[in-house]
Amino acid sequence: MPDFILGGAMKAGTTTVWSWLARHPDIGMPVAKEPRFFTGERGLLDGGAPDAPLRSGRYGEGLPWYESLFQACAGKSVIGEASSRYLHAADAAGLIRATLPQVRLIFVLRDPAERLYAHYRHEQRTLPGLPQFPKLVRDRHPRFARYLADSSYGTQLGRFLSVFDRDRMLLLLTEELEADPAAAARRLFTFLGVDVPGDLSGLTARLNPASVSRSRALNRWLTSRPRGHWAGRLPRPVAELASRIRRKLVAANTVPEAPQPLDPALRRELVDLLGPEIALTERLLGRALPRWRAV
């Protein structure tokens, strides 16, 4: 069972941190990222509400299924998993505390207005008919409510701090990953109590680039398969091969999208809406975040 859990805001850089962890020789991780076990929330694509998360949680799979994901991690000093969903799932903190009371928590946070806009652009590939961003904000579309909730870090962290001590939690900022990946990695490995590699110069912190799908239908099929179901049951080499093939198919169906900066007027509106959450996050971090307030 995990010694640590990596979560964080969607489109904040959890995939980067997951890749750092997965390459460390003393750390064991499941083949599949995003098992989404510690939440039972129903997803939009499974018939959930219009402002629901995109995909359902998997708490209903049961603890034996979750344990099976870590069978190949035997012999590692530290074991963990990564599911960005846990930070914003309302039921995750309680479920994690009840199952793993001694677990360490790592969360990655990004400028909430920029994260919100990146989340919208990501879902444009999956949700046909999603209105243009200015209209989505102006009309307070149900998906806008989801994006806003997912950027409300103060509320999210508060749920975890109500059941976990602060010293069991490491908070990393996207801008810190980008500015000095080696320093961020040292903090990460020190927090987990594993050896810090002597040479971290090759680490990079690159957010998943904006892209569009050649075929939205194919993208939905490739990304909605229940990978966690087979990832824990197949032999690890077979599961890794299947995962690599899926990633290559997703990449082949994807083309880069030209940068589309967030309109300054819309950013100002988002920063105003998120102001109380930014203030609460600053108090929890014990530091000011002027970059998040800039317009």
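Modeller: Strands here are DSSP runs of E with at least two residues, helices are runs of H or I with at least four, and both are numbered from the N terminus. A quick word on the model: it is predicted, so local features need pLDDT of at least 70 and side-chain atom pairs count only at pLDDT 80 or more, while totals for chains, interfaces and linings use all residues. Residues are numbered from 1 along each chain as its sequence is written, and side-chain values use heavy atoms, with hydrogens and water left out.

Back to the strands. Three bridges join S1 (residues 4-8) to S3 (residues 78-82), and the two run parallel. Two strands count as paired if DSSP finds at least two bridges between them. The whole sheet is open, with five strands in the order S2-S3-S1-S4-S5 and parallel pairing. At the edges sit S2 (27-28) and S5 (169-173), each pairing on one side only. Helix H1 (residues 14-23) packs on this sheet, touching S1, S2, S3, S4 (104-109) and S5. Touching, or contact, means heavy atoms within 4.5 Å. The direction of H1 makes about 155° with that of S1; the axes are lines fitted to C-alpha atoms, for helices over the stretch in contact, and angles run from 0 to 180 degrees between N-to-C directions.

Now for leucine 105. Leaving out residues up to four places away in sequence, Leu105 touches Ile5, Ile96, Phe160, Phe164, Arg168, Met169, Leu170 and Phe191. Leu105 is also among the residues with the most contacts inside the largest nonpolar core, which has 60 residues. A nonpolar core is a set of buried Ala, Val, Leu, Ile, Met, Phe, Trp, Tyr and Cys residues joined through side-chain atoms within 4.5 Å. Buried means under 20% relative accessible area, with a 1.4 Å probe and protein chains only. H10 gives the most to this core, with seven residues. The buried residues of H10 include Leu188, Phe189 and Phe191.

H10 itself covers residues 181-192, and its end C-alpha atoms are 17 Å apart, which agrees with the 16 Å that its 12 residues should span at 1.5 Å a residue. That expected span is 1.5 Å times one less than the number of residues.

Definitions and conventions: Buried means under 20% relative accessible area, exposed over 50%, partly exposed in between (1.4 Å probe, protein chains only).
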